[in-house]
Amino acid sequence: MCLLFILFVLSYLMMELSYLTLTGHVYRAHFARLTGTSPVAIAKYISAQTWTICLIYLILVVVLWHFVFRHLLNTPISLATHVTNAALMGLAIYGVYNLTNLITLPGYTMSLALMDTAWGVGSLVTLMVALYA
C-alpha cells in the first residue's frame with residue numbers, strides 16, 4: 001500500500017508540474033489581464049504562495065487517495081468503474097474550481113475553464129489507468 005501511495009503522489013505531482021510548466025504562460029497572461037497587472041507580477045505573486053500551494057496539493061492528494069485511488073488495493077472493481085470514479089472526481093474538483101472562477105472573476109473565459117477541467121478529468125483518468133495495470 002505504501003509503495004502504491006508513493007507512486008500515486010509522485011505521479012500526480014509530476015503530471016501537474018508538467019501541465020503547469022507547459023501551460024503556465026496561458027494562466028499568467030489570463031490572470032494578468034483579469035487583475036490589470038503583468039504576467040511577471042502574477043508569477044512573483046504565485047511563487048510567494050509556496051505554503052498555500054503545498055496545502056492545496058496536500059488536500060488534493062489526500063482526497064483523491066481516499067475517495068478514488070486507495071480502492072485499487074482491495075476492492076474487486078472493474079477498470080471501467082475505477083476510471084469512471086477518477087473522471088467524476090476530476091470533474092468535481094476541477095469543474096467546481098473553474099465554474100466558481102467563471103462566476104466570481106469577470107473576464108475568466110469558458111475556454112480556460114474547459115481546458116483546465118479537461119486536464120483535471122484526463123489526468124486523473126490517465127493516472128488511474130496507469131496505476132491499475
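The structure is a predicted model, in which local features need pLDDT of at least 70, side-chain atom pairs count only at pLDDT 80 or more, and totals for chains, interfaces and linings use all residues. Residues are numbered from 1 along each chain as its sequence is written, and side-chain values use heavy atoms, with hydrogens and water left out.

**Overall architecture**

The chain has 6 helices and 0 strands, and its pattern along the sequence reads α-α-α-α-α-α. Helices (H or I, at least four residues) and strands (E, at least two) are DSSP runs, numbered from the N terminus. The C-alpha trace spans about 50 × 25 × 20 Å along its principal axes. Of the 133 residues, 32% count as buried; buried means under 20% relative accessible area, exposed over 50%, and partly exposed in between, with a 1.4 Å probe and protein chains only.

**The largest pocket**

The largest pocket has a volume of about 1,100 Å³. Its lining comprises 29 residues, of which Leu 20, Ile 46, Ile 53, Tyr 57 and Tyr 97 lie nearest the centre. Two or more lining residues come from each of α1 (2–35), α2 (39–47), α3, α5 (79–104) and α6 (110–132). Helix α1 gives the largest share, 12 residues. By class, the lining has 20 nonpolar, 6 polar and 3 charged residues.

Here a pocket is an open set of points on a 1 Å grid over the protein atoms alone, where a 1.4 Å probe fits, with protein on both sides within 12 Å along at least five of seven lines; lining residues have an atom within 4 Å of a point. The volume is the space filled by probe spheres set on the points, which are joined across faces, edges and corners. Ala, Val, Leu, Ile, Met, Phe, Trp, Tyr, Cys and Pro count as nonpolar, Asp, Glu, Lys and Arg as charged, and the others, Gly among them, as polar.

**Surface features**

Leu 55, Leu 58, Ile 59 and Val 62 form a nonpolar surface patch with about 380 Å² of accessible area together. In such a patch, residues have over 30% relative accessible area and no salt bridge, and nonpolar side chains (Val, Leu, Ile, Met, Phe, Trp, Tyr) are joined within 5 Å. A salt bridge is a side-chain nitrogen of Lys or Arg within 4 Å of a carboxyl oxygen of Asp or Glu. Ile 59 lies in helix α3 (residues 50–69) and is partly exposed, because its relative accessible area is 48%.

Trp 51 is also placed in α3 and is exposed at a relative accessible area of 76%. Leu 88, in helix α5, is exposed at 51%, and Ala 130, in helix α6, is exposed at 53%.

| Residue pair | Separation in sequence | C-alpha to C-alpha distance |
|---|---|---|
| Trp 51 and Val 96 | 45 residues | 22 Å |
| Ala 130 and Pro 76 | 54 residues | 17 Å |
| Leu 88 and Val 68 | 20 residues | 9.6 Å |

Key. Patches are made of residues with over 30% relative accessible area and no salt bridge: like charges are joined within 9 Å, nonpolar side chains (Val, Leu, Ile, Met, Phe, Trp, Tyr) within 5 Å. Accessible areas come from the Shrake-Rupley method with a 1.4 Å probe; for residues, only the protein chains shown count as cover.
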